[in-house]
Amino acid sequence: KYADKIKTDPIKKGPKITRDRSNRATVEQVLDPRTMRFLAKIINKNVISRINGCISTGKEANVYHGDHEDPEVTTREYAVKIYKTSILVFKDRERYVDGEFRFRNTKNQSNPRKMVKVWAEKEFRNLKRLYLNGIPCPEPVELRSHVLVMEYLTKGNGQPSPKLRDHPFKDVEEIVHYYHQMLFYMRRMYKVCRLVHADLSEYNSIVHKDKLYIIDVSQSVEPEHPMALDFLRMDIKNVNDFFSRKKINVYPERLLFKYITE
Ligand code: ADP
Ligand code: MN
């Protein structure tokens with residue numbers, strides 16, 4: 001019965017969700033009944049009234065576009081990230097949660113449904129931390145189990161703002177500018193938010209309103225995590241590799257590690 005409330009309308013890459021007669025069936029095929037119940041709760045809170053096309057299909061989550069069909073209510077658009085409740089997908093992520101005292105609750109770790117909820121909650125809390133501490137990121141809006149609603153970073157016309165990977169740089173100054181901005185945010189994340197992203201790359205940052213926005217923080221860990229500094233070295237390497245490929249001189253990784261942590 002909740003499916004009735006979800007009107008769909010593909011904006012771009014949304015082949016699994018269509019507006020035809022089989023609409024309800026296809027939506028339910030993608031979003032299982034449990035997910036639909038959590039979505040219904042969000043819809044009942046009047047945050048969004050419909051789910052549109054799919055922005056991204058990933059290994060661990062899909063991201064959908066959501067808004068209000070009545071433009072009188074609000075013109076805000078949202079990104080709805082729905083974690084997949086499959087066991088296999090989350091198996092290799094255990095190491096991120098294992099050393100995290102915030103989420104150390106062993107009874108969760110054997111149950112994929114609970115794990116997926118832990119991941120969504122982790123992302124929601126980490127996003128809040130960034131958002132409240134001056135790191136540009138999507139504003140976290142709602143969380144219901146494994147369904148997370150956040151601000152949609154858009155360049156207009158419903159189109160998502162590009163990942164750093166897809167941003168068309170104007171000139172070398174702009175490349176250097178974003179490199180420095182990324183390093184500054186890494187330092188601020190570490191020092192002020194007390195988080196290491198742990199999956200930072202040109203794929204998990206978005207160029208929006210002439211600024212870098214950090215996304216995808218479900219795996220981020222606090223500096224006390226036993227692997228935190230290894231994750232940080234990995235982040236530094238990913239960032240340096242990307243900007244090296246853009247043909248600018250990058251700082252030595254060891255120097256950056258000191259800059260971020262000291
Ligand atoms: P995954 O775990 O699948 O990598 P992400 O959080 O990185 O999940 O989201 C996948 C993709 O969806 C991103 O690379 C980005 O292009 C898009 N995306 C995610 N969140 C937003 C958002 N708030 N606004 C616009 N696009 C987003
Ligand atoms: Mn990602």
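**Close-up 1. Hairpin of strands E8 and E9 in the predicted model.** Two residues sit between the strands of this hairpin, and Lys209 adopts a positive phi near 50°. E8 covers residues 205-208 and E9 covers residues 211-214. The two strands run antiparallel and pair over four bridges.

**Close-up 2. The largest nonpolar core.** This core holds 66 residues. Those touching the most other members are Tyr78, Val80, Leu130, Val149, Met189, Val196 and Ile214. Helix H6 (residues 112-132) supplies the largest share, with eight residues. Both domain 1 (2-159) and domain 2 (161-261) contribute residues, so the core lies between them. In soluble globular proteins, nonpolar side chains tend to be buried together.

**Close-up 3. Contacts of Val196.** Val196 is among the core residues that touch the most other members. Neighbours within four places in sequence are left out here. Val196 then contacts Tyr190, Ser220, Val221 and Pro223, and also Ala228, Phe231, Leu232 and Asp235.

**Close-up 4. The shell around ligand 1.** Ligand 1 is surrounded by 19 residues. Ser56, Gly58, Ala79, Pro138 and Asp216 are the closest. By class, eleven shell residues are nonpolar, three are polar and five are charged. Domain 1 (2-159) and domain 2 (161-261) each provide at least three residues of the shell.

Methods
Residues numbered from 1 in each chain as written. Chains lettered and ligands numbered in written order. Predicted model: local features only at pLDDT ≥ 70, side-chain atom pairs only at ≥ 80, totals over all residues. Core = buried A, V, L, I, M, F, W, Y, C linked by C-beta atoms within 7 Å. Buried ≥ 20, exposed ≤ 12 C-beta atoms within 10 Å, placed from the backbone. Domains from an automatic or database assignment. Contact = placed C-beta atoms within 7 Å. Near = placed C-beta within 6 Å. Nonpolar A, V, L, I, M, F, W, Y, C, P; charged D, E, K, R; others polar. Pairing = 2+ DSSP bridges.
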